[in-house]
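Visitor: Could you walk me through this one? I'd like to go step by step and ask as we go.

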Amino acid sequence: MHAQERLWVAHVDNATRCLYVECYDGEPESVEMPVRDIILDAARLGSAGILLAHNHLSDDPRPSKADCSATRRLACASEAIDLAVLDHLIFAGNRCSSMRRLGLL
């Protein structure tokens, strides 16, 4: 098995209790943000919010331009169904960055 990036999406209710978690496998250098699938799951589950997390294989947890762009696309689509994007965490090695804390959400 080769190393790859993975995207985890946790759907939560109004009390931030986890309703469902989905994992999307990516490539060694990237993972796609399946906006349509995430929105469909949220509508089906009645999610109030989602929390995203993915890994970088490098030791750099800073969000890439692609990470920022994909997260913005998802946040815009989420507004249409009153779905809150709570955060997007990026893990690399033993470090983590929060797009919310960085002011990117």
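Visitor: What is the volume of the largest pocket?

Guide: In this predicted model, the largest pocket has a volume of about 290 Å³. It is lined by 18 residues, and those closest to its centre are Glu5, Ser30, Val31, Ala66 and Asp67.

Visitor: And which element gives the largest share of the lining of that pocket?

Guide: That is helix 2, covering residues 65–79, which contributes four residues to the lining of the largest pocket. By residue type, the lining of this pocket splits into seven nonpolar, six polar and five charged residues.

Visitor: Which strands does strand 1 pair with?

Guide: Strand 1 pairs with strand 2, residues 18–25, in the antiparallel sense over seven bridges, and six bridges join strand 1 to strand 3, residues 49–55, again in an antiparallel arrangement. To find these pairings in the structure, you can look for His11, which stands opposite Tyr20 in strand 2, and for Val9, which stands opposite Leu52 in strand 3.

Visitor: What sits between strand 1 and strand 2?

Guide: The two strands form a hairpin with five residues between them, and in the turn Thr16 has a positive phi of about 55 degrees.

Visitor: Now the inside. Which residues touch the most other members of the largest nonpolar core?

Guide: The largest nonpolar core has 15 residues, and the ones that touch the most other members are Leu7, Val9, Met33, Ile38, Ile50, Leu52 and Leu74. Strand 1, helix 1 (35–45), strand 3 and helix 2 each supply at least two residues of this core, with helix 1 giving the most, namely four.

Visitor: What does Met33 touch?

Guide: Leaving aside residues up to four places away in sequence, Met33 touches Leu7, Ile38, Leu52, Ala70, Thr71, Arg73, Leu74 and His88.

Visitor: What does Pro61 touch?

Guide: Again not counting residues up to four places away in sequence, Pro61 touches His56, Ile90, Ala92, Arg95, Cys96 and Ser97. The C-alpha atoms of Pro61 and Phe91 are separated by 5.4 Å, although these two residues are 30 residues apart along the chain.

Key. Residues numbered from 1 in each chain as written. Predicted model: local features only at pLDDT ≥ 70, side-chain atom pairs only at ≥ 80, totals over all residues. Heavy atoms only, no water. 1 Å grid on protein atoms, 1.4 Å probe; cavity = no way out; pocket = protein on both sides within 12 Å on 5 of 7 lines; lining within 4 Å. Points joined across faces, edges and corners; volume = space filled by probe spheres on them. Nonpolar A, V, L, I, M, F, W, Y, C, P; charged D, E, K, R; others polar. Pairing = 2+ DSSP bridges. Core = buried A, V, L, I, M, F, W, Y, C linked by side-chain atoms within 4.5 Å. Buried < 20%, exposed > 50% of the residue type's maximum accessible area, 1.4 Å probe, protein only. Contact = heavy atoms within 4.5 Å.
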